[in-house]
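User: Got a model open here and I'd like to talk through it. Can you take my questions as they come?

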Amino acid sequence: MKDIHNIVILTGAGISAESGIPVFRSETGLWEEHRVEDVATYEGFLRDRTLVHNFYNGMRRKLSGVKPNEAHKALTRLQNEWKNGKVSIITQNIDNLHEAAGSIDVIHMHGELMKVSCEKCHRVFDWDRDSSVDTVCPSCGRKAIRPHIVWFGETPYDMDMIYALLSEVDLFISIGTSGVVYPAAGFARLAKGRGAFNIEFNLEQSATAGYFDTGIYGKAGTTLPEFVDALIRHGDLSFLNESK
């Protein structure tokens, strides 16, 4: 196996589900009992700004009691103890569990629940309280605050940075992702084109399993700490051959 220096990790709803956060969309097509079109599109925001503000207010309150699980903690350990290169975390999740576990410089490509942004001056603010149509922007003073969330039809954040990381990746790890939401679903293919070794951690194979060199299936809170322990101890992936 090739030498590993730079590690890029993509996390999805599955890693947070083990902490009790529901996955984004259920079989019913609803998100927290609301139509996705009403609470996760800009058109829905224009139709009923109060509904959308209240929806994310409720999610923000629920998040205050949620704790990171062993998978989140394992990634923090990998960031802290990997000495051969850089460990970068990209998440599709809008929660703050990576940060709560101690991870740094996490790229939230779909936004963050604990932030709001201004539609007028485009400033972004840390936010741990309710917002509404009457919330005044701390910067420009206008009532133009929205949840700092990437809704369907909008461009994810920090894509240039993400593509730069994927251009230098040696080990790409995907955790708890379905492989159906783009552009994140295309990251494994890009990493493979770079020559990276790709591993997915999931309860079952994702829709993009064909782009992964191996899959480790089961709860990430159990499988990921074991993997991180071995990766740090060996400094490479030789232990994968030993476990076969």
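User: Is lysine 143 buried or exposed?
Analyst: Lysine 143 is exposed, because its relative accessible area is 55%. Exposed means over 50% relative accessible area, buried under 20%, and partly exposed in between, with a 1.4 Å probe and protein chains only. Keep in mind that this is a predicted model: local features need pLDDT of at least 70, side-chain atom pairs count only at pLDDT 80 or more, and totals for chains, interfaces and linings use all residues. Residues are numbered from 1 along each chain as its sequence is written, and side-chain values use heavy atoms, with hydrogens and water left out.

User: Which residue does lysine 143 form a salt bridge with?
Analyst: Aspartate 134, with the closest N and O atoms 3.8 Å apart. A salt bridge here is a side-chain nitrogen of Lys or Arg within 4 Å of a carboxyl oxygen of Asp or Glu.

User: How many salt bridges does the structure hold?
Analyst: It holds 13 salt bridges. One of them pairs arginine 61 with aspartate 130, at 2.8 Å between the closest N and O atoms. Arginine 61 lies in helix α4 (residues 49–63) and aspartate 130 in the loop between β7 (124–126) and β8 (145–149), so the pair ties together parts that are 69 residues apart in sequence. Helices (H or I, at least four residues) and strands (E, at least two) are DSSP runs, numbered from the N terminus.

User: What does arginine 77 form a salt bridge with?
Analyst: Aspartate 229, and the closest N and O atoms are 1.9 Å apart. That links helix α5, which has arginine 77, to helix α9, which has aspartate 229, so parts 152 residues apart in sequence are tied together. Arginine 77 counts as partly exposed because its relative accessibility is 29%, and aspartate 229 does too, at 32%.

User: Which α9 residues are buried?
Analyst: Among them are Leu224, Phe227, Val228, Leu231 and Ile232.

User: And the largest nonpolar core?
Analyst: It has 28 residues, and those with the most contacts inside it are Ile7, Phe227, Leu231 and Leu237. A nonpolar core is a set of buried Ala, Val, Leu, Ile, Met, Phe, Trp, Tyr and Cys residues joined through side-chain atoms within 4.5 Å. Elements giving two or more residues to this core include β1 (7–11), α5 (70–81), β10 and α9 (220–234). α9 gives the most, with 7 residues.

User: What's phenylalanine 227 in contact with?
Analyst: Leaving aside neighbours within four places in sequence, phenylalanine 227 is in contact with residues including Ile199, Phe201, Ile216 and Leu240. Contact means heavy atoms within 4.5 Å.

User: Last one: where is glutamate 200, and what about its charge?
Analyst: Glutamate 200 is in strand β10 (residues 197–202). Glutamate 200 is buried yet has no salt bridge, and the nearest side chain of opposite charge, lysine 192, is 12 Å away. Lys and Arg count as positive and Asp and Glu as negative; His and the chain ends are not counted.

User: Which side chain does glutamate 200 have a polar contact with?
Analyst: That of tyrosine 217, at 2.7 Å. A polar contact is a pair of N or O atoms within 3.5 Å; within protein, one must be able to donate a hydrogen and the other to accept it, and residues adjacent in sequence count only if both atoms are side-chain atoms.
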